[in-house]
Amino acid sequence: MSRKIGIVTVLYNSESVLEEFFETLSTQTYNNFILYVVDNLSPDGSLALSEKLASHYQFETRIIKNDTNYGVAKGNNIGIRRALADDCDLVLLSNNDIALEDNSIDKLLVGLDKNNADMAVPKIYLYGTKQIWAAGGGFVKRNGLTAQYGQEQEDEGQFNSDQKVDYAPTCFMLIKKEVFDSVGLMDENYFVYYDDTDFVYRALKYNEKSLWYIANSVIHHNESTSTGKMSDFSVRFLWRNLVYFALKNYKPFYAGYVLIYNFLYILIILYFRYSPKQWKIALGAYREGFGLYINNRPV
């Protein structure tokens with residue numbers, strides 16, 4: 001009997017991308033899954049459209065309606081808890097601004113088993129192109145940030161081999177249920193951004209789990225339909241959460257180096273790249289990150 005997968009996706013301003021998400025899920029060669037749609041009180045028509053699509057397609061869908069916008073981290077946690085309570089064997093954290101190929105889930109699961117991995121991610125293209133958005137990823141020692149391998153490179157086969165990686169975004173990440181027993185859930189203090197970095201870092205660094213990039217599993221990603229690419233919102237949460245992540249996870253000396261390096265980067269380099277408004281938001285977010293760490297108990 002095949003294992004049951006709980007696919008968890010968080011709704012917020014997702015109306016424009018949901019039809020293709022549901023449609024490409026409906027054509028999967030691996031279909032022993034339940035879709036958990038966690039609505040964060042999306043202000044657009046995402047919830048109504050999800051209910052309509054859920055009634056149209058044959059796969060099982062469970063819609064969870066939140067009474068406020070809890071953010072991605074808590075939204076994912078709500079869906080993960082439901083999937084585990086329903087005895088799902090694996091959890092697939094998934095953006096809904098993606099389109100799957102017919103065998104994306106099947107190949108990701110085969111790759112996870114073949115490599116004896118605890119977590120697995122596919123090759124992700126920028127939507128409508130053959131440019132890579134992520135082929136796994138890792139940490140950059142120089143600045144303490146993460147990097148997605150192959151980003152914006154034309155795919156010429158340079159990432160056609162499975163490999164063990166140190167980081168990947170949870171845009172589409174398959175996770176064995178046992179991982180949550182030892183690692184726990186997402187740290188909800190992040191709200192959005194770095195919640196996935198933190199989860200993967202804890203899994204690999206402190207719990208000896210493994211994350212593999214599976215080259216022949218492919219999806220296509222419409223980036224940042226919910227938050228806007230480099231919107232004021234994104235600038236704030238990216239820099240705020242970098243500070244929180246570094247203070248929480250890095251050793252004190254390295255955390256200090258990372259925070260000074262990136263503060264100078266904002267102060268000098270981003271002064272010329274951001275608008276004056278976003279430059280001030282970034283500096284304010286940096287201070288906010290210290291307060292977040294001091295005033296909240298990290299998970």
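User: Why is Tyr250 counted as buried?

Analyst: In this predicted model, Tyr250 has a relative accessibility of 9%. Buried means under 20%, so Tyr250 counts as buried. Tyr250 sits in the loop between helix H7 (232-249) and helix H8 (252-273).

User: Which residues is Tyr250 in contact with, leaving aside its neighbours within four places in sequence?

Analyst: They are Phe139, Gly144, Tyr201, Phe245, Ala255 and Val258. Contact here requires heavy atoms within 4.5 Å. Gly144 is 106 residues from Tyr250 in sequence, and their C-alpha atoms are 8.9 Å apart.

User: What makes the approach of Tyr250 to Gly144 a polar contact?

Analyst: A polar atom of the Tyr250 side chain lies 2.8 Å from the backbone oxygen of Gly144. The limit for a pair of N or O atoms is 3.5 Å, with one able to donate a hydrogen and the other to accept it. The distance of 2.8 Å is within that limit.

User: What lines the second largest pocket?

Analyst: Tyr250 is part of that lining, along with Phe139, Val140, Lys141, Asp166, Tyr201, Leu204, Lys205, Tyr206, Asn249, Lys251 and Tyr254. Helix H6 (residues 195-205) gives the largest share, three residues. The space in the second largest pocket is about 330 Å³.

User: Why is Gln278 called buried?

Analyst: Its relative accessibility is 12%. The cut-off for buried is under 20%, so Gln278 counts as buried. Gln278 belongs to helix H9 (residues 276-295).

User: What joins the side chains of Gln278 and Asp232?

Analyst: A polar contact of 2.8 Å joins them, and the cut-off for such a pair is 3.5 Å. Apart from neighbours within four places in sequence, Gln278 is in contact with Met230, Ser231, Asp232 and Val235.

User: How do you know that the buried residues of H2 are on the same side of the helix?

Analyst: In helix H2 (residues 46-56), the buried residues are Ser46, Leu49, Ser50 and Leu53. Around the axis they cover an arc of only 105°, so they sit on the same side of H2. Ala48, Lys52 and Ser55 are exposed and lie on the face turned away from that buried side.

User: Which elements do the buried residues of H2 pack against?

Analyst: They pack against strand E1 (5-11), helix H1 (18-26), strand E2 (33-39) and strand E3 (60-65).

User: Why are the buried residues of H4 said to line one face of the helix?

Analyst: In helix H4 (residues 104-114), Ser104, Ile105, Leu108, Leu109, Gly111 and Leu112 are buried. Viewed down the axis of H4, these residues fall within an arc of 160°, so they line one face of the helix. The face turned away from the buried side of H4 holds the exposed residues Val110 and Lys114. Just after H4, Asn116 has a positive phi of about 50°.

User: Why does Ile214 count as buried?

Analyst: The relative accessibility of Ile214 is 1%, against a cut-off of under 20%, so Ile214 counts as buried. Ile214 is a residue of strand E12. Leaving aside neighbours within four places in sequence, the contacts of Ile214 include Leu108, Gly111 and Leu112, which are buried residues of H4. Ala120, Val121 and Asp162 are also among the contacts of Ile214.

User: Are Tyr194 and Glu208 buried or exposed?

Analyst: Tyr194 has a relative accessible area of 10%; buried means under 20%, so Tyr194 is buried. Glu208 has a relative accessibility of 73%; exposed means over 50%, so Glu208 counts as exposed.

User: What does the UniProt record say of residues 7-182?

Analyst: The unreviewed UniProt entry annotates residues 7-182 as "domain: Glycosyltransferase 2-like". In the model, this span is 30% helix and 29% strand, and its end C-alpha atoms are 20 Å apart.

Conventions. Residues numbered from 1 in each chain as written. Predicted model: local features only at pLDDT ≥ 70, side-chain atom pairs only at ≥ 80, totals over all residues. Heavy atoms only, no water. UniProt positions renumbered as here; feature names shortened; annotations may be inferred. Helix = DSSP H or I, 4+ residues; strand = E, 2+ residues; numbered from the N terminus. Buried < 20%, exposed > 50% of the residue type's maximum accessible area, 1.4 Å probe, protein only. Arc of directions from axis to C-beta. 1 Å grid on protein atoms, 1.4 Å probe; cavity = no way out; pocket = protein on both sides within 12 Å on 5 of 7 lines; lining within 4 Å. Points joined across faces, edges and corners; volume = space filled by probe spheres on them.
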